[in-house]
Number of protein chains: 2
Amino acid sequence: MLRVPVGGVAAHRADLLAVEEPLEIRVDGEPLTVTMRTPGDDIDLAVGFLFTEGLLGGLDEVREIRMCDENVAAVTARPGHALRYQHADAAGSARKFLMTSACGVCGKDSIEAVRVRSAFDVGADPVRVSAAVLAALPDRLAGAQRVFSRTGGLHAAGLFTPEGTLLVLREDVGRHNAVDKVAGWALRSGLLPLAGHILLVSGRASFELAQKAIMIGVPVLAAVSAPSSLAALLADEAGLTLVGFLRGTAMNVYAGADRVTP
Amino acid sequence: MLRVPVGGVAAHRADLLAVEEPLEIRVDGEPLTVTMRTPGDDIDLAVGFLFTEGLLGGLDEVREIRMCDENVAAVTARPGHALRYQHADAAGSARKFLMTSACGVCGKDSIEAVRVRSAFDVGADPVRVSAAVLAALPDRLAGAQRVFSRTGGLHAAGLFTPEGTLLVLREDVGRHNAVDKVAGWALRSGLLPLAGHILLVSGRASFELAQKAIMIGVPVLAAVSAPSSLAALLADEAGLTLVGFLRGTAMNVYAGADRVTP
């Protein structure tokens, strides 16, 4: 890497970049998807992806999961479990598409069209979390990242108890991958649903992240930056507490504010 | 939205969130993909996506593109043009998968497995750009965003001349969508290849963004934050100038440094 100051002398420097490599997830020998991810915890990532996408209902549906090479996670399903998108198009394509008979979707219709149904009802979770505990989480996540990270450029997802204790931290070039690694870890640790827990993500909260939180039964999703409109709509509909702009000593609560105590 | 200060009194506030909605891209009546995007410039997004994914070689392959509703872009191909992923799996799935006979891929093999071939050779582009011009771009992009934006939480992609004049700015909840909107705009404006131009993105530079830059013939990709390892490898291999951490009066150049003049 060449460090170039305006009007100064450029100098070569060593630099550690966040590693990005493709991971192919195969089910019963056939490719399902490729995600660009940071290697590490790949079995968790594969299992977490399948679970938060609604393709896998539990570990009892899987006979074997193994890395068949550095960048290929091979999942073998037990008989009777397809682990594939059920809404195939005319060509048999295994992707998710807008599930709507009408041509267009918007607002609440959009959510219906793209959401996956969770086995857990986060809206019924009675947990309460104090604003002071929430406000302390980003520093804890960043502190844990300093311990584990050797590169810049990585997103993080951290799972906390209602008292603010960090249970697990995962990093990735993709925020959705970091959350799927947490999801896979929790599933394989027998911790689902994650009732009473808090999931904190660096950066922004998209619809996709809100959906993943609901799929693993986390009642509180907090983000350091802004949520999207559809993330807030989904959180409101599902009873997920959605906290954004969690910085310093204040935060914005976009849904489920009754869980946040002064 | 409820603004909650630790130890203080919570207050309701109005808040404009970045709009996120699903866009389905249909080709000849069949769904190809769904992307979560910020509405606006959707025809550009659909065309840009198809082009940077290597599915569309030019506008002459298209008979019609129209929004068939708010969140569905319908593309009708001219006879003889499929506009679909050619590497179908056994089920006929229209996704990209790792194209490798071996089971695993890494480093340069990863690039071969996931890259799309460009019609343009950015490595042959003789343009030179001064470090001072590059250093001025983030403020110009942010200034243009202040004019257009009414919400936080949006990524931006800006296309600049080698002298630093902003030609087009696009924003989206997804950085790849912002770049595809720029790509579609350039294609429909008859500007491809974008020889001699600079593409600036807010945030990080992933493999996917480097690939999109190469597909539209942009010789310089600059990012405000860090690139990934695979973005730097691809840039080096393709002759793309990759600038990261473009902040203040200095920058890191990860590939194609000969184009950056003091």
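## A leucine and its surroundings

Let's start with one residue of chain A. Setting aside neighbours within four places in sequence, L50(A) is in contact with V27(A), L32(A), L55(A), L56(A), V75(A) and L83(A), where contact means heavy atoms within 4.5 Å. The model you are looking at is predicted, so local features need pLDDT of at least 70 and side-chain atom pairs count only at pLDDT 80 or more, while totals for chains, interfaces and linings use all residues. Residues are numbered from 1 along each chain as its sequence is written, chains are lettered from A and ligands numbered from 1 in the order in which they are written, and side-chain values use heavy atoms, with hydrogens and water left out.

Buried means under 20% relative accessible area, exposed means over 50%, and partly exposed is in between, with a 1.4 Å probe and protein chains only. Helices (H or I, at least four residues) and strands (E, at least two) are DSSP runs, numbered from the N terminus.

In soluble globular proteins, nonpolar side chains tend to be buried together.

## Helices that meet in chain A

The axes of α1(A) and helix α4 (residues 175-188) of chain A come within 7 Å and cross at roughly 90°. Therefore α1(A) is roughly perpendicular to α4(A). Axes are lines fitted to C-alpha atoms, for helices over the stretch in contact, and angles run from 0 to 180 degrees between N-to-C directions. Angles under 35 degrees count as roughly parallel, over 145 as roughly antiparallel, 65 to 115 as roughly perpendicular and the rest as oblique. Among the residues that meet are I43(A), F49(A) and F51(A) in α1(A), and A183(A), W185(A) and L187(A) in α4(A).

With helix α5 (residues 207-215) of chain A, the axis of α4(A) crosses at roughly 5°, and the two come within 10 Å. That makes α4(A) roughly parallel to α5(A). Here R175(A), H176(A), V179(A) and D180(A) in α4(A) meet E208(A), L209(A) and K212(A) in α5(A).

## A buried glutamate in chain B

Now to chain B, where E171(B) sits in strand β9 (residues 166-172). With 14% relative accessibility, E171(B) counts as buried. Its side chain is joined to that of Q145(B) by a polar contact of 2.5 Å. A polar contact is a pair of N or O atoms within 3.5 Å; within protein, one must be able to donate a hydrogen and the other to accept it, and residues adjacent in sequence count only if both atoms are side-chain atoms.

## Backbone details to look for

Most residues other than glycine have a negative phi, and most peptide bonds are trans. In chain A, phi of D28(A) is near 50°, a positive value, and D28(A) is partly exposed, with a relative accessible area of 44%. D28(A) lies in the loop between β3 (21-27) and β4 (30-37).

A cis peptide bond joins L192(A) and P193(A), with omega about -5°. P193(A) is found in the loop between α4 and β10 (198-201) of chain A. In chain B, a cis peptide bond joins L192(B) and P193(B), again with omega about -5°.
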